[in-house]
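Subject: Structure handover

Hello,

Here is the structure for you to open. My notes on what was found follow below it.

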Amino acid sequence: DEQDWPDTKPAFEPNGVFVTPDGELWIRESRPARAGAERYDIVDGAGRLVRRVQLPEGRRLVGFGKGTLYTVQTDADDLEWLERYRSR
């Protein structure tokens, strides 16, 4: 292997932590490069893990609105599609 890999990975990935309008903290799980779908630990205001979420394959989280999650999907032509998911 010609790459010079560090001995450790950072605790959080760049752009891997989001705060929702409701005050939840979404922390992207640090995983191998080709691991597939993104997964997040969701932490409440008291620092308790409240749930884990896995996004659909090929999506990346880009932001939140009130009761809304926004992701981007990149297609075979490298076009990016903004998707909106609403909570019930």
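Start with the overall picture. Buried residues account for 27% of the 88 residues in the chain. Please keep in mind that this is a predicted model. The chain has seven strands and zero helices. From the N terminus on, the order of elements is β-β-β-β-β-β-β. The C-alpha trace spans about 50 × 40 × 15 Å along its principal axes. The accessible surface comes to about 6900 Å². Carbon and sulfur atoms hold 49% of that surface. Of the contacts between residues at least 6 apart in sequence, 15% join residues at least 24 apart. On charge, the chain has 14 positive and 17 negative ones. Their mean positions lie 10 Å apart.

Strand 1 covers residues 17-19, and strand 2 covers residues 25-28. They pair in the antiparallel sense, over three bridges. Phe18 has Trp26 of strand 2 as its bridge partner. The hairpin of these strands has five residues between them. In that hairpin, Gly23 takes a positive phi near 90 degrees.

Strand 2 also pairs with strand 3, residues 39-43. That pairing is antiparallel too, with four bridges. Here Trp26 stands opposite Ile42 of strand 3. Leaving out residues up to four places away in sequence, Trp26 touches Gly16, Val17, Phe18, Thr20, Tyr40, Asp41, Ile42, Arg51, Val53, Leu61, Phe64 and Leu69.

The nonpolar core

Which residues make up the largest nonpolar core? There are seven: Phe18, Trp26, Tyr40, Ile42, Leu55, Leu61 and Leu69. Phe18 and Trp26 are the bridge partners mentioned above, and Ile42 is the residue opposite Trp26 in strand 3. In soluble globular proteins, nonpolar side chains tend to be buried together.

Strand 5 runs over residues 59-65 and strand 6 over residues 68-74. Six bridges join them, in the antiparallel sense. Within this pair, Arg60 stands opposite Val72 of strand 6. Their hairpin has two residues between the strands. Gly67, in the turn, has a positive phi of about 70 degrees.

Strand 6 pairs with strand 7, residues 80-86, as well. This pairing is antiparallel and has seven bridges. Tyr70 has Arg84 of strand 7 as its bridge partner. Five residues lie between the strands of this hairpin.

Thr71 sits in strand 6. Is Thr71 buried or exposed? Its relative accessibility is 0%, and buried means under 20%, so Thr71 counts as buried. Setting aside neighbours within four places in sequence, Thr71 is in contact with Leu55, Arg59, Arg60, Leu61, Val62, Trp81, Leu82, Glu83 and Tyr85. Among these, Leu55 and Leu61 belong to the largest nonpolar core.

Two backbone angles to look at

Asp78 lies in the loop between strand 6 and strand 7. Its phi is near 65 degrees, a positive value in a residue other than glycine. Asp78 has a relative accessible area of 63%. The cut-off for exposed is over 50%, so Asp78 is exposed.

Asn15 lies in the segment before strand 1. Asn15 has a positive phi of about 55 degrees, although it is not a glycine. With 69% relative accessibility, Asn15 counts as exposed, because that value is over 50%. How far apart are Asn15 and Arg28 in space? The C-alpha to C-alpha distance is 8.7 Å, and the two residues are 13 apart in sequence.

Begin with Trp26, which has Phe18 as a bridge partner and Ile42 opposite in strand 3. Go on to Thr71, buried at 0% relative accessibility. Finish with Asn15 and Asp78, for their positive phi values.

Best wishes

Methods. Residues numbered from 1 in each chain as written. Predicted model: local features only at pLDDT ≥ 70, side-chain atom pairs only at ≥ 80, totals over all residues. Heavy atoms only, no water. Pairing = 2+ DSSP bridges. Core = buried A, V, L, I, M, F, W, Y, C linked by side-chain atoms within 4.5 Å. Buried < 20%, exposed > 50% of the residue type's maximum accessible area, 1.4 Å probe, protein only. Contact = heavy atoms within 4.5 Å. Areas by Shrake-Rupley, 256 points an atom, 1.4 Å probe, with all protein chains shown as cover. Lys, Arg positive; Asp, Glu negative; His and termini not counted. Charge placed at Lys NZ, Arg CZ, Asp CG, Glu CD.
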